[in-house]
Amino acid sequence: MKNGMKLFAGTGNRPLAEAIAGYLGMQLGEVSISRFSDGECYVKFCESVRGVDAFVIQPTCPPVDTNLVELLIMIDALKRASAASITAVIPYYGYARQEKKDAPREPITAKLIADILTVAGANRIVTMDLHAGAIQGFFNIPVDHLTAIPLISSYIKEKGLQNIVIVSTDEGRVKTVRQVSSRLGAPIAVGYKYHPEHQKTQMTHLAGDVEGKIPIIVEDIITTGGSINECVDALLEHGCKPEIYVAATHGVLTEPAFDRLSRQEIKEVIITDTIPAPPPGKLERLNVLSVAPLFGEAIRRVHEDLSITSLFY
Ligand code: R5P
């Protein structure tokens with residue numbers, strides 16, 4: 001017999017957690033999270049979780065390791081306090097970009113994180129737009145993989161832009177970009193990029209007709225903005241309109257991204273609130289869409305054993 005559900009937030013994205021709780025008409029549960037003098041994390045749940053479906057909302061965005069360890073410790077505390085089930089709601093799953101070995105003697109961090117979340121005691125993961133869908137298979141527990149693609153597509157559709165082309169910065173993202181293009185009835189173009197060195201991106205080719213069109217670049221993650229910058233250069237060289245839209249689910253946005261995304265040909269940058277947005281004024285023409293209703297609805301359906309797939313079709 002379950003004792004209902006409770007939502008708890010780590011410190012990674014409290015505003016999103018509050019918005020999710022608001023969608024569900026609930027309050028966040030009380031948990032105290034603090035640091036010992038040596039920096040170690042201390043967690044104490046301030047209310048009983050015995051027999052409840054516990055949901056911990058915590059993206060593993062920067063500070064990545066801090067947020068990750070906090071999440072693991074919260075899961076451990078819930079397990080030892082006899083929660084009936086523990087769902088890690090990870091709106092942004094960090095360390096996902098190392099999901100295979102691209103060179104000898106590299107780690108596969110996406111798998112390592114899956115293992116430690118499971119060992120900590122998570123019974124289920126709810127996440128969004130993983131860098132690679134195959135990461136779901138790194139877990140031996142259920143993974144509900146949500147997507148912001150319908151939300152982003154509807155937002156773009158409402159703009160009523162004419163003569164658009166949906167652009168992928170690399171071939172790995174074509175499937176996702178195709179979902180946007182079919183929702184918007186627009187053609188696609190695909191960039192070919194490689195990494196000449198660690199954290200450097202170079203685009204060598206662009207396939208597809210972009211001449212005179214308004215490009216909408218669709219990404220999963222924007223970190224340094226290097227991929228977007230290269231893509232914008234290639235699009236302009238191929239004669240697109242100097243009116244480019246950039247959309248990504250996860251705005252990690254480290255420092256170089258702000259200059260790169262501020263170039264005048266970029267009319268708007270659209271991200272979601274899986275990660276806390278930068279302070280107002282840091283990036284003009286930034287629009288943040290909320291995924292709180294999607295996560296709220298997914299959480300409700302997990303708790304009530306209802307279909308989640310039907311949320312998207
Ligand atoms: C890589 O394959 C991803 O899909 C993104 O293109 C990449 O992570 C973005 O990173 P950055 O903004 O640093 O180029």
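Which strands does helix α8 (residues 292-303) lie across, and at about what angle does helix α8 run to β6? In this predicted model, helix α8 lies across β1, β4, β5, β6 (124-128) and β7, and its direction makes an angle of about 160 degrees with β6. The legends below take up the sheet, the helices and several single residues in turn.

**View 1. The five-stranded open sheet, with strand order β1-β4-β5-β6-β7.** The strands of this open sheet pair in parallel, and neighbouring strands are turned against each other by 15 degrees on average when direction is ignored. The edges are formed by β1 (5-9) and β7 (143-146), each of which has a single partner strand, so one side of each is left without a neighbour in the sheet.

**View 2. Strand β5 (residues 85-90) beside strand β4 (residues 53-57).** The two strands run parallel and are joined by five bridges; one of the pairings links D53 to S85, its bridge partner in β5. Six of the six residues of β5 are buried, so this strand is largely enclosed by the rest of the structure. S85, T87 and V89 point one way from β5, whereas I86, A88 and I90 point the other way, and all are buried. Helix α2 (residues 64-80) lies across β1, β4 and β5, and runs at about 165 degrees to β5.

**View 3. V52 in the loop between β3 (41-45) and β4.** With a relative accessible area of 3%, V52 is buried, because the cut-off for that class is under 20%. When residues up to four places away in sequence are not counted, V52 touches N3, G4, K6, A83, A84 and S85. For A84, which lies 32 residues from V52 in sequence, the C-alpha to C-alpha separation from V52 is 5.1 Å.

**View 4. The crossing of helix α1 (residues 14-24) with α8.** The axes of α1 and α8 come within 8 Å and cross at roughly 60 degrees; the two helices are therefore oblique to each other, and their crossing is right-handed. On the α1 side the contact is made by L16, A19, I20, Y23 and L24, and on the α8 side by A292, P293, F295, G296, E297, I299 and R300. Sorted by class, the contact of α1 with α8 has nine nonpolar, one polar and two charged residues.

**View 5. The crossing of helix α4 (residues 149-158) with helix α5 (residues 174-184).** Here the axes come within 10 Å and cross at roughly 40 degrees, which makes α4 oblique to α5, and α4 passes α5 in a right-handed crossing. I149, P150, S153, I156 and K157 of α4 make the contact with T176, Q179, V180, R183 and L184 of α5. Sorted by class, this contact of α4 with α5 has five nonpolar, three polar and two charged residues.

**View 6. The buried residues of α4 and their surroundings.** I149, P150, I152, S153, Y155 and I156 are the buried residues of α4. These buried residues pack against α5 and also against the strands β11 (214-222), β12 (244-251), β13 (266-272) and β14 (286-289). Just after α4, G160 takes a positive phi of about 65 degrees.

**View 7. A257 in helix α7 (residues 255-260).** A257 counts as buried, at 0% relative accessibility. Leaving aside its neighbours within four places in sequence, A257 is in contact with T223, T224 and G225. Of these contacts, T224 is 33 residues from A257 in sequence, while the two C-alpha atoms are 4.5 Å apart in space.

**View 8. E265 in the loop between α7 and β13.** E265 has 17% relative accessibility and therefore counts as buried, since the class takes in values under 20%. Apart from neighbours within four places in sequence, the residues in contact with E265 are L236, P242, E243 and I244.

Conventions
Residues are numbered from 1 along each chain as its sequence is written. This is a predicted model: local features need pLDDT of at least 70, side-chain atom pairs count only at pLDDT 80 or more; totals for chains, interfaces and linings use all residues. Side-chain values use heavy atoms; hydrogens and water are left out. Axes are lines fitted to C-alpha atoms, for helices over the stretch in contact, and angles run from 0 to 180 degrees between N-to-C directions. Helices (H or I, at least four residues) and strands (E, at least two) are DSSP runs, numbered from the N terminus. Angles under 35 degrees count as roughly parallel, over 145 as roughly antiparallel, 65 to 115 as roughly perpendicular and the rest as oblique. A crossing is left-handed if the near helix is turned anticlockwise from the far one by less than a right angle, and right-handed if clockwise. Contact means heavy atoms within 4.5 Å. Ala, Val, Leu, Ile, Met, Phe, Trp, Tyr, Cys and Pro count as nonpolar, Asp, Glu, Lys and Arg as charged, and the others, Gly among them, as polar. Two strands pair if DSSP finds at least two bridges between them. Buried means under 20% relative accessible area, exposed over 50%, partly exposed in between (1.4 Å probe, protein chains only).
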